[in-house]
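Let's walk through a protein model together, one feature at a time. Have the sequence and the 3D view open.

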Amino acid sequence: MAESTPVSESRVVVRPWHRRRDRAVINRWPPYTPALPAHWVATSATERHERVSYAVELRSDRALVGRIGLQMYALTGAYLGIALHPAHLGNGLGREALHLISQLGPRIGLSVLRLDVADENTRAIRCYQRAGFVEVGAIWRNGYRYLDMVRAL
Ligand SMILES: CC(C)(COP(=O)(O)OP(=O)(O)OC[C@H]1O[C@@H](n2cnc3c(N)ncnc32)[C@H](O)[C@@H]1OP(=O)(O)O)[C@@H](O)C(=O)NCCC(=O)NCCS
């Protein structure tokens with residue numbers, strides 16, 4: 001059974017992505033160490049649908065620490081992708097950012113968030129479970145197994 005842990009005081013804020021400025025910043029992020037397997041971050045959903053992105057900033061100094069992408073599918077659903085700055089993994093920021101995105105979703109007409117995640121990406125899976133996502137199935141893509149997870153908003 002998935003847990004959805006409420007975030008009382010978030011250390012992050014989520015704001016619309018600024019394409020040029022934010023891209024320039026993340027281009028200077030250090031690489032993940034160890035490197036992430038390429039299939040962990042491969043996009044899955046079709047590229048035909050509208051995509052919106054959000055920046056995740058630290059509330060304390062407004063440093064850009066993450067990016068969240070939402071790719072719309074059907075009328076009120078979106079596939080979610082998230083990546084944090086390599087120096088900020090495993091500190092709960094992902095869960096906090098997902099909590100904020102879940103609050104924002106209904107305001108942009110979303111009723112469900114969906115994602116797939118490589119089944120060996122245990123840190124991400126744990127984060128998603130803590131943010132209220134539940135596993136509804138699994139798919140195989142390019143020889144890798146991914147969990148299909150959803151969160152109703
Ligand atoms: C996936 C990601 C957004 C999660 O954000 P995060 O801030 O690192 O995650 P959180 O700290 O909120 O939660 C991680 C959970 O896994 C646990 N964890 C941390 N490191 C772990 C590891 N190496 N293996 C397994 N679990 C781990 C944490 O203890 C935490 O669980 P808890 O809340 O029960 O203590 C972030 O790690 C990331 O950007 N990873 C690189 C890109 C990526 O994999 N994106 C997802 C593609 S689907």
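Q: What do "buried" and "exposed" stand for here?
A: Buried means under 20% relative accessible area, exposed means over 50%, and partly exposed is in between, with a 1.4 Å probe and protein chains only. Take Glu-57: at 8% relative accessibility, Glu-57 counts as buried. Across the protein, buried residues make up 43% of the 153 residues.

Q: Before we go on, what kind of model is this, and how are residues numbered?
A: This is a predicted model, where local features need pLDDT of at least 70, side-chain atom pairs count only at pLDDT 80 or more, and totals for chains, interfaces and linings use all residues. Residues are numbered from 1 along each chain as its sequence is written, and side-chain values use heavy atoms, with hydrogens and water left out.

Q: How many helices and strands does the protein have?
A: Helices (H or I, at least four residues) and strands (E, at least two) are DSSP runs, numbered from the N terminus. In this protein there are 3 helices and 7 strands. Reading along the sequence gives β-α-β-β-β-α-β-α-β-β.

Q: How does the radius of gyration of the protein fit a compact globule?
A: The radius is taken over C-alpha atoms, and the globule rule is 2.2 Å times the number of residues to the power 0.38. For 153 residues a compact globule would come out near 15 Å, and the protein has 15 Å, so the two agree. The C-alpha trace spans about 40 × 35 × 35 Å along its principal axes.

Q: What share of the contacts joins residues at least 24 apart in sequence?
A: Contact means heavy atoms within 4.5 Å. Among contacts between residues at least 6 apart in sequence, 63% join residues at least 24 apart.

Q: Now salt bridges: how many does a search of the whole structure find?
A: Side chains of opposite charge can pair when their charged atoms come close. The cut-off is a side-chain nitrogen of Lys or Arg within 4 Å of a carboxyl oxygen of Asp or Glu. By that rule, the whole structure has 7 salt bridges.

Q: Which residue pairs with Asp-22, and are the two partners buried or exposed?
A: Asp-22 bridges to Arg-15, with the closest N and O atoms 2.8 Å apart. Asp-22 is buried at 3% relative accessibility, and Arg-15 is buried too, at 18%. You'll find Arg-15 in strand 1 (residues 12–16). Not counting residues up to four places away in sequence, Arg-15 touches Arg-21, Asp-22, Tyr-54, Ala-55, Glu-57 and Leu-64.

Q: What does Arg-145 pair with, and where do the partners lie?
A: Arg-145 forms a salt bridge with Asp-119, at 3.2 Å between the closest N and O atoms. Arg-145 lies in strand 7 (residues 144–152) and Asp-119 in the loop between strand 5 and helix 3, so the pair ties together parts 26 residues apart in sequence. Arg-145 is partly exposed at 31%, and Asp-119 is partly exposed at 29%. Elsewhere, salt bridges that share partners join Arg-15, Asp-22, Glu-57 and Arg-62 into one network.

Q: Which backbone angles deserve a look?
A: Most residues other than glycine have a negative phi, and most peptide bonds are trans. Here, Arg-62 has a positive phi near 65° and sits in the loop between strand 2 and strand 3. Ala-74 also has a positive phi, about 50°, in the loop between strand 3 and strand 4. A cis peptide bond joins Thr-33 and Pro-34, with omega about -5°, and Pro-34 is in the loop between helix 1 and strand 2.

Q: How much space lies in the largest pocket, and what lines it?
A: Rolling a probe the size of a water molecule over the atoms shows where empty space is left. On a 1 Å grid over the protein atoms alone, a pocket is an open set of points where a 1.4 Å probe fits, with protein on both sides within 12 Å along at least five of seven lines; lining residues have an atom within 4 Å of a point. Grid points are joined across faces, edges and corners, and a volume is the space filled by probe spheres set on the points. The largest pocket holds about 1200 Å³. Its lining has 48 residues, with Gly-81, Ile-82, Ala-83, Leu-84 and Tyr-128 nearest the centre.
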